[in-house]
Amino acid sequence: MPYGETIVMLATVAVTLATHNLAVYKARVARSGSSGHDLPVITEHEARRTAEAVLQDMSSRQPGMPPLAIMHVEEHQACWVFGYQSVRYIETGSFLDSLVGNGPILVDRQTGQPHTTGTALPSDYYVAEYVSGQHTCDFCTTAQP
Ligand SMILES: [Zn+2]
């Protein structure tokens, strides 16, 4: 009975797929938790790689800009904040090697989009500005048509 065998086989495949989909769904729920929709999706590691790419771009594009490296990271609810300095300053610790005008880089925790900030004010100000939707920088203005 070839038809009967085919039907049994198809039914087995269907049950296997349904079981698999349920397992995938359960794993997803377990990972995200009950209020998973508002959990951050960008890890510090991912955000750091983004910020490092921005720094590399800055030092290669701006004339006279030395190689740059991340000095510290701050965790905020909406974004990661990366402060940076010249690699030379990190090595020597001399203010003669320090950068002036190096506003921290923000990386959005939901989208992973990097943002540059100003330099005059503490990073909390720029984070507050970002959260309230009043922030603009080269990255957002070029991203929007
Ligand atoms: Zn921006």
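The structure is a predicted model, in which local features need pLDDT of at least 70, side-chain atom pairs count only at pLDDT 80 or more, and totals for chains, interfaces and linings use all residues. Residues are numbered from 1 along each chain as its sequence is written.

The protein chain holds 5 helices and 4 strands, where helices (H or I, at least four residues) and strands (E, at least two) are DSSP runs numbered from the N terminus. Read from the N terminus, the order of elements is α-α-β-β-α-β-β-α-α. Of the 145 residues in the protein chain, 17% are buried; a residue is buried if 20 or more other C-beta atoms lie within 10 Å of its own, exposed if 12 or fewer, and partly exposed in between, with C-beta atoms placed from the backbone. Among contacts with a separation of 6 or more, 37% link residues 24 or more positions apart, a contact being two residues whose C-beta atoms, placed from the backbone, lie within 7 Å.

The 4 strands of an open sheet follow the order 1-2-3-4 with antiparallel pairing; two strands pair if DSSP finds at least two bridges between them. Strand 1 (68-75) and strand 4 each have a single partner strand and stand at the edges, so one side of each lacks a neighbour in the sheet. On average, neighbouring strands are turned by 30 degrees against each other, direction ignored; axes are lines fitted to C-alpha atoms, for helices over the stretch in contact, and angles run from 0 to 180 degrees between N-to-C directions.

Going across the sheet, strand 1 and strand 2 are joined by 7 bridges, and Glu-75 stands opposite Trp-80 in strand 2. Helix 2 packs on the sheet and touches strand 1, strand 2, strand 3 and strand 4, its direction making about 145 degrees with that of strand 1. Helix 4 also packs on the sheet, touching strand 1, strand 2, strand 3 and strand 4, and its direction makes about 140 degrees with that of strand 2. Strand 2 is linked to strand 3 by 4 bridges, with Cys-79 opposite Asp-108. A further 3 bridges join strand 3 to strand 4 (residues 114-116), and here Leu-106 faces His-115. Strand 3 and strand 4 form a hairpin with 5 residues between them, and Gly-112 in the turn has a positive phi of about 80 degrees.

The largest nonpolar core contains 15 residues, and Cys-79, Leu-106 and Val-107 have the most contacts inside it. Such a core is a set of buried Ala, Val, Leu, Ile, Met, Phe, Trp, Tyr and Cys residues joined through C-beta atoms within 7 Å. Two or more residues each come from helix 2 (44-61), strand 2 (79-86), strand 3 (105-108) and helix 4 (123-131). Strand 2 gives the most, with 5 residues. In strand 3, Ile-105 and Val-107 point one way and Leu-106 and Asp-108 the other, and all are buried. Leaving aside residues up to four places away in sequence, Val-107 touches Ile-42, Ala-47, Thr-50, Ala-51, Cys-79, Trp-80, Gly-112 and Pro-114.

Finally, Asp-97 sits in the loop between helix 3 (87-92) and strand 3. Asp-97 counts as partly exposed because it has 15 C-beta neighbours inside 10 Å. Beyond residues up to four places away in sequence, Asp-97 touches Ser-86, Arg-88, Tyr-89 and Thr-92.
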